[in-house]
Amino acid sequence: MVVLIINQIKSMIKRKEVFITLIIMFIAVIYNYFVNIRKYFGYEIADLPSYLEMCVMSDGNLDTMLDMVSIIPFLSIIPAGFSIAKDIRLGRDRYWIYRIGRKKFYISKIAAICSVTFLCFFVPLFFEALLNVITFPKDAHGNLQCVTMYDDSFRMIRRYYMFKLYFYHPFIYEIVVSMFFSAMMSVFAFITGAVSCYINKYTAFLFLPCYLLINIFDTLRIYGKEKATYVFLAWSHPYVHMHDFIIFARIWGTCIILSALLYLLAARKDTL
């Protein structure tokens, strides 16, 4: 099974869609980096925000982050979300099912889809983290290590999720939330792949499921008043308490379970 998954990953990595996604992400990261260099050149450390607030997906970098969030539902699908639909249209799924069986085919496909999508987002974001920690001072005024335990800001941020990591180890915090963000992109691809098992004739339709889910959740204010999905996909401005995070986990956990059931039904079909 491990060999099958590795072969599927190698096959997907060679796809032009993966290259396009990496290029878009690296362009966004590098562009944002040079914008920050130009914007904060000559600033005193006391006036310089934390490098966490400069990341492309940071809520502290609101304009860039909102632009990214608006295309994320589409971008997350491009690397591997179409993989199953393409195999079905070209008949390659029959070849693999005859060789290894439906169960192994879908398990290896799902693992590869999630892994490739994760890497397409985590690698550029990790690169950005390295650029920022090398370029900008860690003791900038925006760094919460400058806040005393008696400050009102400190009392407020103690309620944030991953507070200690955010406060004491901002670089590690950025890596962790980059992994969380990349995992969410994998979830989008996972959901799209589940839908593509049944709706695969027109590729354009596969852009809709995650986009509609996000807009429905935000319209119905599922997370609470004035809370939106993008809040949970941004970092370095973690105005999300653990209670909100639990609601977010429950909602998307349900989506994952439903998608897994769709995969299970597809894997248990008796006919090709």
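View 1. Tyr 106 is buried, with a relative accessible area of 5%. (Buried means under 20% relative accessible area, exposed means over 50%, and partly exposed is in between, using a 1.4 Å probe and protein chains only.) Phe 105 counts as buried too, at 1% relative accessibility. The structure holds 11 aromatic pairs. (Rings of Phe, Tyr and Trp, with the six-membered ring for Trp, pair if their centres lie within 6.5 Å; planes under 30 degrees apart count as stacked, over 60 as edge-to-face and the rest as tilted.) The ring centres of Phe 105 and Tyr 106 sit 5.1 Å apart with their planes at 75°, so this pair is edge-to-face.

A quick note for all the views: this is a predicted model, where local features need pLDDT of at least 70 and side-chain atom pairs count only at pLDDT 80 or more, while totals for chains, interfaces and linings use all residues. Residues are numbered from 1 along each chain as its sequence is written, and side-chain values use heavy atoms, with hydrogens and water left out.

**View 2. The whole chain, for orientation.** The protein chain has 12 helices and 0 strands. (Helices, H or I with at least four residues, and strands, E with at least two, are DSSP runs numbered from the N terminus.) Of its 272 residues, 47% count as buried. Take the contacts in the chain with a separation of 6 or more: residues 24 or more positions apart account for 78% of them. (Contact means heavy atoms within 4.5 Å.)

View 3. Helix α10 runs over residues 208-219, so to speak a stretch of 12 residues. From first C-alpha to last it reaches 16 Å, close to the 16 Å expected at 1.5 Å a residue. (The expected span is 1.5 Å times one less than the number of residues.) Its buried residues are Pro 209, Cys 210, Ile 214 and Phe 217. They cover an arc of only 130° around the axis, which puts them on the same side of α10. (The arc is that of the directions from the helix axis to the C-beta atoms.) After α10 comes Arg 221, whose phi is positive, near 55°.

**View 4. Phe 121 and the largest nonpolar core.** This core has 49 residues, and those with the most contacts inside it are Phe 121, Phe 188, Trp 252 and Tyr 263. (A nonpolar core is a set of buried Ala, Val, Leu, Ile, Met, Phe, Trp, Tyr and Cys residues joined through side-chain atoms within 4.5 Å.) Among the elements that give two or more residues to it are α6 (102-135), α9 (170-196) and α12 (242-267). Leaving aside neighbours within four places in sequence, Phe 121 is in contact with residues including Met 25, Ile 72, Phe 181 and Met 185. Apart from this core lies another, of 11 residues, among them Tyr 33, Tyr 40, Leu 131 and Tyr 166.

**View 5. Ile 84 and Thr 192.** Ile 84 is found in helix α4 (residues 83-90), whereas Thr 192 is in helix α9. They are 108 residues apart in sequence and 9.5 Å apart in space, C-alpha to C-alpha. Ile 84 is buried, with a relative accessible area of 0%, and Thr 192 counts as buried at 0% as well. Not counting residues up to four places away, Ile 84 touches Lys 109, Ile 113, Gly 193, Ser 196, Cys 197 and Tyr 263. With the neighbours within four places left aside, Thr 192 is in contact with Ile 77, Gly 81, Leu 206 and Cys 210.

**View 6. Pro 79 in its loop.** Pro 79 is found in the loop between α3 and α4, and Pro 79 is buried, with a relative accessible area of 0%. The C-alpha atoms of Pro 79 and Arg 15 are separated by 7.8 Å.
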